[in-house]
Amino acid sequence: MPDGSIWLGLSSSGGGVNIINPATTQAAWLAPDVNKPETALPTVGVYGFALTKDNTVMIGTDRGLYRSDLMGRQVPRVALPPRDPTTAVTALLAVGDTLWL
């Protein structure tokens, strides 16, 4: 990421994302919550990340596409009409204004 942080998607230990700052060795955790599927990560696999040009982190999971800011403060699920929002996103790439899934 631009700030040097490392984002690690977790598929075990309850899922979620670890955000590690290698300069300070501090870590933050984007915790999953099965009771809030629209605003929190699922407890299943996180497959990939893509950084958009506006510094939004797109997160591909076993239960759909999510987005976050670089601080990991909010994690809403992204609607992808006409697809089911819970369809797995296993690979993603941001190029300019386009997000490829």
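**Entry 1: starting out**

Helices (H or I, at least four residues) and strands (E, at least two) are DSSP runs, numbered here from the N terminus. I am looking at a predicted model, where local features need pLDDT of at least 70 and side-chain atom pairs count only at pLDDT 80 or more, while totals for chains, interfaces and linings use all residues. Residues are numbered from 1 along each chain as its sequence is written, and side-chain values use heavy atoms, with hydrogens and water left out.

**Entry 2**

I began with the sheets, where two strands pair if DSSP finds at least two bridges between them. Which strands stand at the edges?

Next I followed strand E2 (residues 17-21), which pairs with E3 in the antiparallel sense over five bridges. Valine 17 stands opposite leucine 30 in E3, and isoleucine 19 faces alanine 28 in E3.

**Entry 2: the turn in the hairpin**

E2 and E3 form a hairpin, with four residues between them. I stopped at threonine 25, which lies in the loop between these two strands. Threonine 25 has a positive phi of about 65 degrees although it is not a glycine. Is threonine 25 buried or exposed? I read a relative accessible area of 67%, so threonine 25 is exposed. My cut-offs: buried is under 20% relative accessible area, exposed over 50% and partly exposed in between (1.4 Å probe, protein chains only).

**Entry 3: the sheet of four strands**

A second open sheet has four strands in the order E4-E5-E6-E7, again with antiparallel pairing. Strand E4 (46-51) and strand E7 (77-78) stand at its edges; each has a single partner strand, so one side of each is left without a neighbour in the sheet. Strand E5 (residues 57-61) and E6 run antiparallel, joined by five bridges.

In the loop between E4 and E5 I came to asparagine 55. Asparagine 55 is not a glycine, yet its phi is positive, at about 65 degrees. With 35% relative accessibility, asparagine 55 counts as partly exposed.

**Entry 4: serine 68 and leucine 30**

I then looked up two buried residues. Serine 68 lies in strand E6 (residues 64-68) and is buried, with a relative accessible area of 4%. What does serine 68 touch? Leaving aside neighbours within four places in sequence, I found contacts (heavy atoms within 4.5 Å) to residues including Trp7, Leu30, Asn55, Ile59 and Val75. A polar atom of the serine 68 side chain lies 3.3 Å from the backbone oxygen of glutamine 74.

Leucine 30 lies in strand E3 and is buried, with a relative accessible area of 6%. Residues up to four places away in sequence aside, leucine 30 touches Trp7, Gly16, Val17, Ile19, Leu41, Ile59, Ser68, Gly72 and Val75. I also checked leucine 30 against glycine 9: they are 21 residues apart in sequence and 9.5 Å apart in space, C-alpha to C-alpha.

**Entry 5: the largest pocket**

What is the volume of the largest pocket? I noted about 170 Å³. Its lining consists of Asp3, Ser5, Ile19, Ile20, Asn21, Gln26, Ala27, Ala28, Leu70 and Met71. E2 and E3 are the elements that give two or more residues to this lining. For the terms: on a 1 Å grid over the protein atoms alone, a pocket is an open set of points where a 1.4 Å probe fits, with protein on both sides within 12 Å along at least five of seven lines, and lining residues have an atom within 4 Å of a point. The volume is the space filled by probe spheres set on the points.

**Entry 6: two prolines**

My last stop was the loop between E7 and E8, where proline 81 lies. Proline 82 is in the loop between E7 and strand E8 (93-95) too. The peptide bond from proline 81 to proline 82 is cis, with omega near 5 degrees. At 71% relative accessibility, proline 81 counts as exposed. From proline 81 to alanine 28 I noted 53 residues in sequence and 32 Å in space, C-alpha to C-alpha.

Methods:
A polar contact is a pair of N or O atoms within 3.5 Å; within protein, one must be able to donate a hydrogen and the other to accept it, and residues adjacent in sequence count only if both atoms are side-chain atoms.
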